[in-house]
Amino acid sequence: MLGVFAVDQLVSVAKAGLEYASSLGEVASQLGVTTKALQEYRYAASQAGIEQGEMDLALAQLTRRIGDAATGSKPLQEAFKKLGVSIKDSNGNVRDAGEVIPMIAEGLKSIESPAERAAILVDLFGKSGQKLAPLLEGGAAGVNNLRNAAQELGVVLSDEQIQKADETADKLSAMKQVLEARIAGAVSDNADAILALVDALVKLV
């Protein structure tokens, strides 16, 4: 029984790490960015004193704004234009939020008024916009330096690693169910002995 419990604890620890890795693909898809960009921006945000949840929300909001601008929203088109940001690449494809953020950071350098910068950030990132100011104040170079640092530190998992983690997490989940069933069976099979041990310990006390 002790061996089964030890294995169960080991599986739980491994499963927690794998669940984080396997969740990256799903979260990145929801936010409209690549898994690479998601991990890089989460690290960059942590270095700028921004919570992970705030960064995720900002990415989601920016993705929505880019989509709205691409489908004809004049106010948002003007906001991007004011920063010198093109939401489409040379092939006419709409850029994702991960590509656009460094451009926004660079464009903000030309806006002298703090109040105007704050208003633009809210327009493009929603309520989380102003919280991103420390991350964006260094321009494109500052943002990209932090993204590169995430790569150099090895905190960015590859798509292959994420896929393997997802598959392994599914297998461990099945294994955990098997272990739980075996533990329940072991307890049931030894119920009388366990109760006798408990009674003996109570009497000893």
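This is a predicted model: local features need pLDDT of at least 70, side-chain atom pairs count only at pLDDT 80 or more; totals for chains, interfaces and linings use all residues.
Helices here are DSSP runs of H or I with at least four residues, numbered from the N terminus.

I begin with helix H2, residues 35–47. Within H2, lysine 36 and glutamate 40 lie 4 residues apart, and therefore about one helical turn separates them. Their side chains form a salt bridge, with an N to O distance of 2.9 Å. What is the accessibility of each partner? Lysine 36 has a relative accessible area of 43% and is partly exposed. Glutamate 40 has a relative accessible area of 2%; because buried means under 20%, glutamate 40 is buried. The pair also belongs to a network of salt bridges that links Lys36, Glu40 and Arg147.

The axes of H2 and H8 come within 8 Å and cross at roughly 110°. Angles of 65 to 115 degrees count as roughly perpendicular, so that description applies to H2 and H8. On the H2 side, the contact is made by Lys36, Ala37, Glu40, Tyr41, Tyr43, Ala44 and Gln47. H8 contributes Val143, Leu146, Arg147, Ala149, Ala150 and Gln151. By class, this contact has 8 nonpolar, 2 polar and 3 charged residues.

From H5, the contact involves Gly98, Ile101, Pro102, Ala105 and Glu106. From H8, the residues are Gly139, Ala140, Ala141, Val143, Asn144 and Arg147. They divide into 6 nonpolar, 3 polar and 2 charged.

Which residue is the partner of glutamate 106? The partner is lysine 109, with the closest N and O atoms 3.4 Å apart. Glutamate 106 is partly exposed at a relative accessible area of 38%, whereas lysine 109 counts as exposed at 52%.

Glutamate 116 forms a salt bridge with lysine 82, and the closest N and O atoms are 2.2 Å apart. This pair links distant parts of the chain, 34 residues apart: glutamate 116 is in helix H6, residues 114–125, and lysine 82 is in helix H4, residues 74–82. Glutamate 116 counts as partly exposed, at 29% relative accessibility. For the model as a whole, the count comes to 7 salt bridges.

How values were computed. Residues are numbered from 1 along each chain as its sequence is written. Side-chain values use heavy atoms; hydrogens and water are left out. Contact means heavy atoms within 4.5 Å. Helices (H or I, at least four residues) and strands (E, at least two) are DSSP runs, numbered from the N terminus. Ala, Val, Leu, Ile, Met, Phe, Trp, Tyr, Cys and Pro count as nonpolar, Asp, Glu, Lys and Arg as charged, and the others, Gly among them, as polar. Axes are lines fitted to C-alpha atoms, for helices over the stretch in contact, and angles run from 0 to 180 degrees between N-to-C directions. Angles under 35 degrees count as roughly parallel, over 145 as roughly antiparallel, 65 to 115 as roughly perpendicular and the rest as oblique. A salt bridge is a side-chain nitrogen of Lys or Arg within 4 Å of a carboxyl oxygen of Asp or Glu. Buried means under 20% relative accessible area, exposed over 50%, partly exposed in between (1.4 Å probe, protein chains only).
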